[in-house]
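Work through these exercises with the structure open beside you. Try each task before reading its solution.

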Amino acid sequence: MDFATELAAFDPSPELLAWMEKRVGGLLEEARSSATAIHWRDVKIEKLTLELAYLRRMKFGVKSETFVAAERDLFDETLAADLAACEARLAEEREAAEMGPHQPPPEKPKRERAGRQPLPAHLPRIEHRHEPEVCTCGECGQALVLIGEDVTEKLNIVPAEFFVDRHIYPKYACRPCATVTAAVAEPSVIDGGLATPALLAWVMVSKYTDHLPLYRLEQQAARSGVVLARSTLADWVGRIGVALEPLGDRLAELLRQGLMLHADETPVRQLDPGKGKTKHAYLWAYRSNSLGNDPPIVIFDYQAGRGGVHAANFLGDWTGALMVDDFAGYKRLFRGQAIELACMAHARRKFFDLHKANGSPIAAEALRRIGELYAIEAQAKGNTVEVRALLRQAHSQPLLKALNLWMVHTRQSVANGGALAKAIDYSLKRWSAFARYAENGIYPIDNNPVENAIRPICLGKKNWLFAGSEAAGKRAAVIQSLLQTACLNGIEPMAWLTDTLEKLPTWPNRRLDELLPIKLPA
């Protein structure tokens, strides 16, 4: 008897039929629910996969065209946490998908933790010994013998602590001679001021290196029960700016002794008295050559405008090679004493933006060719000027020639007025200035060193908003120049400024170079 005949002869009771219908309906509903759960799990896995790819690109990919370095630092810790959390969620979802909807998840293997980096050796160590409550054996009562130690190090901090230095000058008299003798009062950079050099240095570094407005420093002091009015802090800033002007001027003189300089400028807001508004001013930046033997120096020059006359006035009769962008204000310099160098990073950025917008294959080819030039620079990094010159002569110059021919040929088939035409024209118009770096081993390929010096200022502008006056801007530029030069030379700015303010009142002008935050050659 076949199955159809058996099925036709099957005559279930009403109770059995009801049970079968309920059971089949339940199975169908369970299947539908399972299919829905699998669908949404697949959707969730896909979403987490895309999110993970995005976070990895943000953390490990090329972000220099999107965020500046200082801005990236604000997000790095968040990205690291998000990346770890996303990886964990994705692993859980994939494990659940592999096991199926009705199987219990397997026990997770214990994850091996990477060893943490040792704490800096130069930090002072404060030892806390943890001895056992008793030093005798709990079994036999014999004295315990030291056989070793387990040492754990944890990083600690003492927040800024205010205290008072009391200077006591005993007075001694000679009764027969009717004279009085006492020690001479210590000279101070601010006569009659209540701030020590360390406190003044803390205010300057907090304002110009950490970019904290004075009202925040006022609040920090208030939490310790110390009244430091903003007017007092502003007075200190003004006086220290004046006291440091000779050092700033001398630093600028040493900068102009170099045969190659970087230059750039950034807008800042300046209060416009009488109008209750702000107006545009500019902070011009000049940086020494990072490829030569010159000490790292950056000078900020605050000016009310962006005219090329300001660069001409700062450089004076200086002669050498000047790395700049395509700002017209620099052109007058290249008709006289300066040799023009163009920033390859600016040329690359034109093609990067284009490729990012529409995936242009021509822009991609330009990026590839420019990338080859930077690969040679990476190979030359850390070598001598002579080795870099040989590498550029053997590899960079042929690549530059081929890049120029490719751009000229490509431009003939590109319509005028478009973004691609503008990107190519930008490079061809200043081609000799772009290619000039490869003539020797001393010229840089781009203007990134000075742009990196300006970036902290750009971040700080969001905190201090505007300069109160042109004089205030110039004083700020002096302090920023000295503190940032200290950072470029690996000198801790707080320690340097404290020491300098202690010495400055009695320091002879002929030894001014010894106070500068640079490491001069012997």
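**Exercise 1. A bridge within a helix**

Is Asp-499 buried, partly exposed or exposed? Then find its salt-bridge partner.

Solution. Start with the ground rules. This is a predicted model, in which local features need pLDDT of at least 70 and side-chain atom pairs count only at pLDDT 80 or more, while totals for chains, interfaces and linings use all residues. Residues are numbered from 1 along each chain as its sequence is written, and side-chain values use heavy atoms, with hydrogens and water left out.

Step 1. Apply the cut-offs: buried means under 20% relative accessible area, exposed over 50%, and partly exposed in between (1.4 Å probe, protein chains only). Asp-499 has a relative accessible area of 31%, so this residue is partly exposed.

Step 2. Look for a salt bridge (a side-chain nitrogen of Lys or Arg within 4 Å of a carboxyl oxygen of Asp or Glu). Lys-503 is the partner, with the closest N and O atoms 3.0 Å apart. Lys-503 is partly exposed too, at 31%.

Step 3. Helices (H or I, at least four residues) and strands (E, at least two) are DSSP runs, numbered from the N terminus.

**Exercise 2. The whole chain**

How many helices and strands does the protein chain have, and what share of its residues is buried?

Solution. Step 1. Count the elements: 16 helices and seven strands.

Step 1. Take the burial: 35% of the 522 residues are buried.

Step 2. Turn to contacts (heavy atoms within 4.5 Å). Among those between residues at least 6 apart in sequence, 64% join residues at least 24 apart.

**Exercise 3. Other salt bridges**

Which residue forms a salt bridge with Arg-125?

Solution. Step 1. The structure holds 20 salt bridges. In one of them, Arg-125 meets Glu-153 at 3.1 Å, N to O. These two are 28 residues apart, in the loop between helix H3 (69–99) and strand S1 (171–174).

Step 1. Arg-125 is partly exposed at 41%, and Glu-153 is partly exposed at 30%.

Step 2. Move to Lys-331. Its salt bridge with Asp-326 has the closest N and O atoms 3.1 Å apart. A network of salt bridges links Asp-326, Lys-331, Glu-340, Lys-429 and Arg-430.

**Exercise 4. The cores**

Solution. Step 1. Define the core: a set of buried Ala, Val, Leu, Ile, Met, Phe, Trp, Tyr and Cys residues joined through side-chain atoms within 4.5 Å. The largest has 58 residues, and Val-203, Met-204, Trp-236, Leu-244, Leu-322 and Tyr-330 touch the most other members.

Step 1. Name the helix. H4 (residues 197–208) gives the most, with eight residues.

Step 2. Trace one member. Beyond four places in sequence, the contacts of Trp-236 include Leu-199, Leu-200, Val-203 and Met-204.

Step 3. Find the second, separate core. It has 35 residues, among them Leu-341, Met-344, Met-407 and Tyr-426.

**Exercise 5. An enclosed strand**

Why is strand S5 described as largely enclosed?

Solution. Step 1. Count its buried residues. Six of the six residues of S5 (298–303) are buried, so the rest of the structure largely encloses the strand.

Step 1. Recall that in a regular strand the side chains alternate between the two faces of the sheet. Val-298, Phe-300 and Tyr-302 lie buried on one side of S5, and Ile-299, Asp-301 and Gln-303 lie buried on the other.

Step 2. Find the neighbour. Strand S4 (residues 277–288) pairs with S5 in the antiparallel sense over six bridges. Pairing requires at least two bridges found by DSSP between the strands. Arg-287 has Val-298 of S5 as its bridge partner.

**Exercise 6. Aromatic pairs**

What is the geometry of the pair Phe-162 and Trp-202?

Solution. Step 1. Set the cut-offs. Rings of Phe, Tyr and Trp (its six-membered ring) pair if their centres lie within 6.5 Å; planes under 30 degrees apart count as stacked, over 60 as edge-to-face and the rest as tilted. The structure holds six aromatic pairs.

Step 1. Classify. The ring centres of Phe-162 and Trp-202 are 5.8 Å apart and the planes stand at 90 degrees, so this pair is edge-to-face. Phe-162 sits in the loop between H3 and S1, and Trp-202 in helix H4.

Step 2. Compare Trp-284 and Phe-327: with centres 6.3 Å apart and planes at 55 degrees, the pair is tilted. Trp-284, Phe-327 and Tyr-330 form one aromatic cluster.
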